[in-house]
Amino acid sequence: MRSSEDVVLVRQLVRALAIKLGFSLVDQTKIVTAASELARNTVDYGGGGTVRAQTLSEGQRVGLRLTFEDKGPGIENVDLVMKDGYTTGGGLGLGLGGARRLSNQFDIVSRPGEGTRVSITRWR
Amino acid sequence: MTAAATERIPILRTSEFLLVTIQVDMHDRLAITLQDDLTNQIVKHHSRGVLIDISSLEVVDSFIGRMIGNIAAMSRVLDAETVVVGMQPAVAITLVELGLSLPGVRTALNVDKGMELLRTSLHGAPNGAS
C-alpha cells in the first residue's frame with residue numbers, strides 16, 4: 001500500500017473475503033471500514049506498508065484477521081494515539097479508536113524509529 | 001484508472017440546487033476534489049441547496065464522513081443547505097460505532113424526501129400549509 005487508490009483496493013479485497021466467509025452485511029461493513037482506517041494510517045503516517053489477511057477457524061467460529069505493517073516512524077505514545085480526537089494529521093482522530101470499536105480483537109505494537117503493526121480480528 | 005488526474009464526481013445542477021450521486025468507491029483525493037468542486041459551484045451558480053445521494057456507498061469511513069461534514073459546513077457558510085440522502089443501514093450502524101454521528105448534517109431517507117426538505121427549508125411548508 002502506497003497511495004489512496006491502494007486504500008480503495010484494500011477495502012475491496014477485505015469486502016470480498018468477508019463475503020466469502022459468510023459475514024453479515026453489517027459485519028462486512030464494520031471490518032471493511034476498520035480496514036479502511038488502518039490502511040489509510042499505514043499510507044499517511046507509516047509511509048506505506050503491507051496488509052496480510054488470515055482466515056481463522058476455531059471450532060464453529062470463523063474469523064478474519066488483518067495485519068497492517070509499516071516501517072515508518074512508529075508511535076511514541078500508543079495510549080495517546082488511541083484516544084478519540086487525537087490526531088497529528090488534521091483528521092478527526094477516529095481512525096485507531098474507531099477500528100478498535102469495529103473489531104472483536106485489536107492489537108497494536110509500535111517502536112519509534114522501527115514501525116507499527118496493527119492487527120484486527122472480526123469473528124462471524 | 002489512467003485518467004486519475006481528471007477523475008471527478010459529476011455535479012448536476014437544477015435552478016436552485018446542486019445534486020451529487022456518489023456511485024464509486026472514492027479514494028481520498030477524489031473526495032477532496034468533490035468537496036472543492038461543490039464549494040466552487042455553490043458560489044458560481046448561487047445555489048441554495050446541495051443534495052448528496054450516498055445510496056450506492058457501501059463504506060463511509062472517517063475520511064469520507066469528514067468530507068460530508070465539511071461540505072455541510074462550507075455550504076452553510078455560503079448560505080446553502082446540504083442534505084445527505086440514502087445512507088444504507090449497515091453504513092449508519094458502522095458510522096455511529098466508528099464514533100461519527102455527522103453533527104450538523106441534515107439527512108433524509110431518499111432523494112424525494114431530501115428535495116422536499118430542501119424546498120421546505122427554502123420556501124416554507126409545501127402545498128399552502130399556512
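Among contacts in chain B between residues at least 6 apart in sequence, what percentage join residues at least 24 apart?

Guide: The model is a predicted one, and the answer for chain B is 76% of those contacts. Chain B contains four helices and five strands. Read from the N terminus, they follow the order β-β-α-β-α-β-α-β-α. The radius of gyration of chain B is 15 Å, close to the 14 Å that the globule rule gives for 130 residues, and chain B is therefore as compact as a globular protein of that length. Along the principal axes, its C-alpha atoms fill a box of roughly 50 × 35 × 25 Å. Of the 130 residues in chain B, 35% are buried.

Let us turn to the sheet. The five strands of chain B form an open sheet in the order S1-S2-S3-S4-S5, and the pairing is mixed. Two strands, S1 (11–13) and S5 (106–108) of chain B, lie at the edges, and each of them pairs on one side only. From one strand to the next, the twist averages 25 degrees. One pairing may be examined in detail. Strand S4 of chain B, residues 81–85, pairs with S5(B) in the parallel sense, and three bridges join the two. Within this pairing, B:Val84 has B:Thr107 of S5(B) as its bridge partner. A helix also packs on the sheet: H4 of chain B, residues 111–123, touches strands S2 (17–21), S3 (49–53), S4 and S5 of chain B. The direction of H4(B) makes about 160 degrees with that of S4(B).

Next come two helices that pack against each other. In general, a pair of packed helices is described by the angle between their axes and the distance between the axes. Helix H1 (residues 28–45) and helix H2 (residues 62–77) of chain B pack at an angle of about 10 degrees, and their axes are 10 Å apart. Angles under 35 degrees count as roughly parallel, and H1(B) and H2(B) are therefore roughly parallel to each other. On the side of H1(B), the residues that take part are B:Asp28, B:Ala31, B:Gln35, B:Leu38, B:Thr39 and B:Ile42. They meet residues of H2(B), including B:Phe63, B:Ile64, B:Met67 and B:Ile71. By class, the residues of this contact divide into eight nonpolar, four polar and one charged.

Finally, chain B has a neighbour in the model. In the contact between the two chains, 24 residues of chain A meet 19 residues of chain B. Three elements of chain A give two or more residues to the side that touches chain B: helix H1 (4–20), helix H2 (25–44) and helix H4 (95–101). The largest share of that side, nine residues, comes from H2(A). The side of chain A that touches chain B has eight nonpolar, nine polar and seven charged residues. Chain A itself has four helices and four strands, which run α-α-β-β-α-α-β-β from the N terminus on.

Terms used. Residues are numbered from 1 along each chain as its sequence is written. Chains are lettered from A and ligands numbered from 1 in the order in which they are written. This is a predicted model: local features need pLDDT of at least 70, side-chain atom pairs count only at pLDDT 80 or more; totals for chains, interfaces and linings use all residues. Two strands pair if DSSP finds at least two bridges between them. Axes are lines fitted to C-alpha atoms, for helices over the stretch in contact, and angles run from 0 to 180 degrees between N-to-C directions. Two residues are in contact if their C-beta atoms, placed from the backbone, lie within 7 Å. Ala, Val, Leu, Ile, Met, Phe, Trp, Tyr, Cys and Pro count as nonpolar, Asp, Glu, Lys and Arg as charged, and the others, Gly among them, as polar. Angles under 35 degrees count as roughly parallel, over 145 as roughly antiparallel, 65 to 115 as roughly perpendicular and the rest as oblique. The radius of gyration is taken over C-alpha atoms; the globule rule is 2.2 Å times the number of residues to the power 0.38. A residue is buried if 20 or more other C-beta atoms lie within 10 Å of its own, exposed if 12 or fewer, and partly exposed in between; C-beta atoms are placed from the backbone.
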